[in-house]
Amino acid sequence: MVKNIAFIGDSESVKGFGAVGIDAVICDSPENAAAVFKKIAEKDRYAVVYITEELYEAAQKEIQRFSETAVPAVIPLPGTRGNTRIGTKRLSAFVEQAVGSDILFK
Amino acid sequence: MAIMNVNPTRMQMTKLKKQLQTARRGHKMLKDKRDELMRQFIELVQENKKLRDKVEAALSECHSHFISASAVMSRQALDSSLMSSGQQTGVDVRAKNIMSVDVPVFSAVSESSDEGGIFPYGFAFTSFELDDAVQSLNELLPDMIKLAEIEKSCELMAAEIERTRRRVNSLEHVMIPRYEETIRYISMKLEENDRSSRTRLMKVKDMLLDKAHHYSG
């Protein structure tokens, strides 16, 4: 089953992803992030959805709904506005959930 | 620890003993499952961390390439060069089973429509910075897809480990002690009944003997 990849981000951050064959979805305001993400996730066309960290934070509630399903995999990545280290924090949250305390990244 | 609300009969005790045995076996198996999941999870999460650091570093480099490209090219030119795409990248989704957790496996599938390779534009009106940017992004793509696969697996496994851990703990600290306590309660009760009926019998025997022979012994 071949599915597509999407990248949700502000217009600066998505630049170039369209050129390598990823569907670039522009979302310039964090308020719209949840709605935009919902539209993408519900289509069932995407297996991987990359999203910039600030939008990830804004749409977190919506994204949580897909945490138990195998696809889509929603992955926060830093945008052009700098790295907020949400991705690493997310990893420590996984470790904490599994082990009970964060034993790896402290 | 509260005991269960059961009748203190021998039949009930046999039933409970069987249940206790099942619970012990289940506990052992779940514990093994948890340990193995944990081992694989730790391995995976370490790889995940490494890969994420790598992707994040490479991505910020890509962004800086694009910024320098946009410095030498006009915005319109840049946007229009990137607008059309020569290739469509997708992923082939398969499922893999790690200790009863279904995790996805992604493999990249890219379809190039023309021979121009990865660049969706002609080279005449674009700067080489843009070429660098697109090239580096294209090279990053496999790592990004791998990252998505591993990170999703970690997410799913973390949830499964938490569930399994809870089950193990509830068996170990609630279910099994409760069974043991109830079985002990029933066996004490049965012994007590036994003793009381024995003394009653002895007493009756004495009374009967006394009545028949005026004999007390």
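## Helix α4 of chain A against α1 of chain B

α4(A) and α1(B) are roughly antiparallel to each other, because angles over 145 degrees count as such. This is a predicted model. The two axes cross at roughly 175°. They come within 10 Å. Helix α1 of chain B covers residues 10–72.

From α4(A), the residues in this contact are A:Gly87, A:Thr88, A:Leu91, A:Phe94, A:Val95 and A:Ala98. They meet B:Met38, B:Phe41, B:Val45, B:Asn48, B:Lys49, B:Arg52 and B:Glu56 in α1(B). By class, this contact of α4(A) with α1(B) holds seven nonpolar, three polar and three charged residues.

## Helix α4 of chain A against α3 of chain B

The crossing of α4(A) past α3(B) is left-handed.

On the chain A side, A:Phe94, A:Gln97 and A:Ala98 take part. Their partners in α3(B) are B:Cys154, B:Glu155, B:Met157, B:Ala158, B:Ile161 and B:Glu162. The contact of α4(A) with α3(B) has six nonpolar, one polar and two charged residues.

## The wider contact between the chains

The contact takes 32 residues from chain A and 50 residues from chain B. On the chain A side, four elements each supply at least two residues: β1 (2–9), β3 (46–52), β4 (73–77) and α4. The largest share, seven residues, comes from α4(A). By class, the side of chain A that touches chain B has 19 nonpolar, ten polar and three charged residues.

## Chain A as a whole

Chain A has four helices and four strands. From the N terminus on, its elements run β-β-α-β-α-α-β-α. The C-alpha trace of chain A spans about 40 × 35 × 25 Å along its principal axes.

The radius of gyration of chain A is 14 Å. A compact globule of 106 residues would have a value near 13 Å, so the two agree. Of the 106 residues of chain A, 50% count as buried. Among contacts in chain A with a separation of 6 or more, 55% join residues 24 or more positions apart.

Technical notes. Residues numbered from 1 in each chain as written. Chains lettered and ligands numbered in written order. Predicted model: local features only at pLDDT ≥ 70, side-chain atom pairs only at ≥ 80, totals over all residues. Left-handed = near helix turned anticlockwise from the far one by under 90°. Contact = placed C-beta atoms within 7 Å. Nonpolar A, V, L, I, M, F, W, Y, C, P; charged D, E, K, R; others polar. Rg over C-alpha atoms; globule rule 2.2 N^0.38 Å. Buried ≥ 20, exposed ≤ 12 C-beta atoms within 10 Å, placed from the backbone. Axes fitted to C-alpha atoms, helices over the stretch in contact; angles between N-to-C directions. Parallel < 35°, antiparallel > 145°, perpendicular 65-115°, else oblique.
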